[in-house]
Amino acid sequence: TDSTAGAKADHPMWSSRLAFILAASGSAVGLGNIWKFPYITGENGGGAFVLVYLLCIALIGIPIMAAEVMIGRRGGRSPINSMRQLASRDGLSKRWVWIGGMGMLASFLILSFYSVIGGWALSYVGNSAGGLFAGASADSIGAIFGNLLADPYTLLLWHSVFMVLVIMIVARGVSSGMEKAINILMPIMFGLLLVMVGYAMSTDSFGDGFKFLFSPDFSKLTTEGVLTALGHAFFTLSLGMGVMMAYGSYLPKNVSIVKTAVTVSMVDTAVALMAGLAIFPLVFANGMEAGAGPGLIFQTLPIAFGQMPGGVFFGTLFFILLVVAAVTSAISLLEPVVEWFEEQKGISRLKGALIGGISIWLLGITTILSLNVWSDVHPLAMFERFEGKTIFDLLDYVTANLMMPLGGLFIALFVGWFMSKQAAENELSIGNGVAFNLFMFVLRFITPAAVLVVFVYNLM
Ligand code: PHE
Ligand code: NA
């Protein structure tokens, strides 16, 4: 039938629904949840921002994830070639292929700074294990972080270690070993976050932290904040750039796409909210700034590890798991690039991983320098919106707030308006009744309108 025609016979499949959920969660859950979500929530005033973010996940994120997985499964190839395959099968313009192309560019840009932050986490494994945080004050923990950012060579070292790990794993091929690892480590991550939330509960600022996260004060929400929330919904779910298409191409035909998308999104959201609950009480208990920026978790969590019983053990384990979560996301950023090299250029997996990985590593050096030597370099300062933004800030902003929502907009339009409706019905297999029509309605109208409205408001 139409829906199976795209998959190549030699294209392997995930062994089960669980395997896909694990891999997709591996991509979704990462630095976005534990590093980025808390700090942008702090910068944007808390509750109202969180509410908008949750709405974006539900109304925009989940439908787009389902759409992407559907495109990937129907196309059965790397994102660019899945798009090419589907467009030609439905007699559509070749221009749709650009969605895949823009996604690959976004992967490339994101991984360049993602790896630098992954490097921070790596260096904190050593710091925790070495007992550096034991009994340390908030000030001295702040100084440890400040010293790390000020030192380009140390940053380069850890950035390199992180990229080598990612290149090695991708070069060997995403395997059942990874499924097993995620299957074991994800529950441990959950458990450890619960320990951290438990610790936060034992401080007398838990109520303040909870209120900050969940009681919305709309006077603190800016239009820029709404765009950040939208962008983060894409970033945290790995959407709008073909990653979920790439993973979807391995999804067996009998698995429910919608249920799977809901599950992955819920896992991702739970991890982010737990991270927030672990961190903000500490921020208030120690009289720190919620809007401290990208260093937030590296300046707060070590305080807790320094004080709680077994802190060296828990702290070391926590940062190891953070590295693992970051690596499983990073793999999904490099994988589409390598898949494309293989299919399109006949370049081997090893070579593709090396060429892609080394170029990304090189670009990452601009992020490292943004934190110290180039901290006053603001390349787009002539535009008011980008004033005061370093190269690192720009990479983050352009990918999460512009490229990913734009990619998502086109994906929604593609599935909602252009792709064969019959094929969508077959892929989703939720019948052609209310559920299916609701899904199509959201993709046709709600998602595009939401993205456009946020964009237009921000341009004004
Ligand atoms: N979703 C990942 C995170 O939250 C980051 C990511 C973005 C991974 C885009 C792949 C693609 O950390
Ligand atoms: Na995430």
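**Exercise 1: the shell around the ligand**

Determine how the shell around ligand 1 divides by class. In the solution, the shell around ligand 1 comprises six nonpolar, eight polar and no charged residues, where Ala, Val, Leu, Ile, Met, Phe, Trp, Tyr, Cys and Pro count as nonpolar, Asp, Glu, Lys and Arg as charged, and the others, Gly among them, as polar. This is a predicted model, in which local features need pLDDT of at least 70 and side-chain atom pairs count only at pLDDT 80 or more, whereas totals for chains, interfaces and linings use all residues. Residues are numbered from 1 along each chain as its sequence is written, and chains are lettered from A and ligands numbered from 1 in the order in which they are written.

Next, of the 14 residues around ligand 1, those that come nearest are G30, G32, T236, S238 and S329; a residue is near a molecule or strand if its C-beta atom, placed from the backbone, lies within 6 Å of it. Finally, at least two residues of this shell are supplied by each of α1 (17-28), α2 (31-43), α10 (223-236) and α14 (311-345), helices (H or I, at least four residues) and strands (E, at least two) being DSSP runs numbered from the N terminus.

**Exercise 2: two serines in loops**

Decide whether S238 is buried or exposed. S238 lies in the loop between α10 and α11 (243-248), and has a positive phi of about 60 degrees although it is not a glycine. S238 counts as buried because it has 30 C-beta neighbours inside 10 Å; a residue is buried if 20 or more other C-beta atoms lie within 10 Å of its own, exposed if 12 or fewer, and partly exposed in between, with C-beta atoms placed from the backbone. S215, in the loop between α9 (206-214) and α10, is exposed, with 12 other C-beta atoms within 10 Å.

**Exercise 3: a helix pair**

Classify the packing of α5 (residues 97-129) against α7 (residues 152-172). Their axes are 8 Å apart and at an angle of about 105 degrees, axes being lines fitted to C-alpha atoms, for helices over the stretch in contact, and angles running from 0 to 180 degrees between N-to-C directions. The two helices α5 and α7 are therefore roughly perpendicular to each other, given that angles under 35 degrees count as roughly parallel, over 145 as roughly antiparallel, 65 to 115 as roughly perpendicular and the rest as oblique. The contact of α5 with α7 holds seven nonpolar, six polar and no charged residues.
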